[in-house]
Amino acid sequence: MITKDTELTELFDTACKLANDIVLSGETFRVKDLFRGVEWDRIPKGLRSKLGAMFLAYVNSDAKGVFNAAGKTPLNQQIYQKV
């Protein structure tokens with residue numbers, strides 16, 4: 001369960017697992033989409049930004065060929081696509 005005290009590494013591990021497990025090939029998503037609305041709202045804003053930066057670094061290195069950075073939303077949120 002995600003709480004306001006959940007560690008950044010646990011949030012990152014959860015995001016990676018959910019991206020691999022629930023996102024289908026060809027689908028686009030934001031990191032925010034991987035968490036239920038209530039869970040996302042529990043994460044402090046500073047951790048959300050750090051989580052986004054960590055996930056982008058992961059996509060650009062370890063997950064290259066699995067996910068692509070596919071642009072940004074009008075609110076400057078990174079969009080990803082599962083290959």
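1. Helix α1 (residues 8-22) and helix α3 (residues 45-60) have axes that come within 10 Å and cross at roughly 50 degrees. That angle makes α1 oblique to α3. The crossing of α1 past α3 is right-handed. Note that this is a predicted model.

2. Next, the residues behind that crossing. From α1, the contact draws on L8, L11, F12, A15, C16, A19 and N20. They meet L47, K50, L51, M54, F55 and Y58 of α3. By class, the contact of α1 with α3 has 11 nonpolar residues, 1 polar and 1 charged.

3. Now the sheet. Strands of a sheet pair through backbone hydrogen bonds, parallel or antiparallel. Here 3 strands form an open sheet, and the pairing is antiparallel. The order is β1-β3-β2. The edge strands are β1 (28-29) and β2, each pairing on one side only.

4. The pairing of β1 with β3 can be followed at residue level. The two strands run antiparallel and are joined by 2 bridges. T28 stands opposite Q81 in β3.

5. Phi of N76 is near 65 degrees, a positive value in a residue other than glycine. Is N76 buried or exposed? Its relative accessibility is 54%, so N76 counts as exposed; the cut-off for exposed is over 50%.

Definitions and conventions. Residues are numbered from 1 along each chain as its sequence is written. This is a predicted model: local features need pLDDT of at least 70, side-chain atom pairs count only at pLDDT 80 or more; totals for chains, interfaces and linings use all residues. Side-chain values use heavy atoms; hydrogens and water are left out. Buried means under 20% relative accessible area, exposed over 50%, partly exposed in between (1.4 Å probe, protein chains only). Two strands pair if DSSP finds at least two bridges between them. Helices (H or I, at least four residues) and strands (E, at least two) are DSSP runs, numbered from the N terminus. Axes are lines fitted to C-alpha atoms, for helices over the stretch in contact, and angles run from 0 to 180 degrees between N-to-C directions. Angles under 35 degrees count as roughly parallel, over 145 as roughly antiparallel, 65 to 115 as roughly perpendicular and the rest as oblique. A crossing is left-handed if the near helix is turned anticlockwise from the far one by less than a right angle, and right-handed if clockwise. Contact means heavy atoms within 4.5 Å. Ala, Val, Leu, Ile, Met, Phe, Trp, Tyr, Cys and Pro count as nonpolar, Asp, Glu, Lys and Arg as charged, and the others, Gly among them, as polar.
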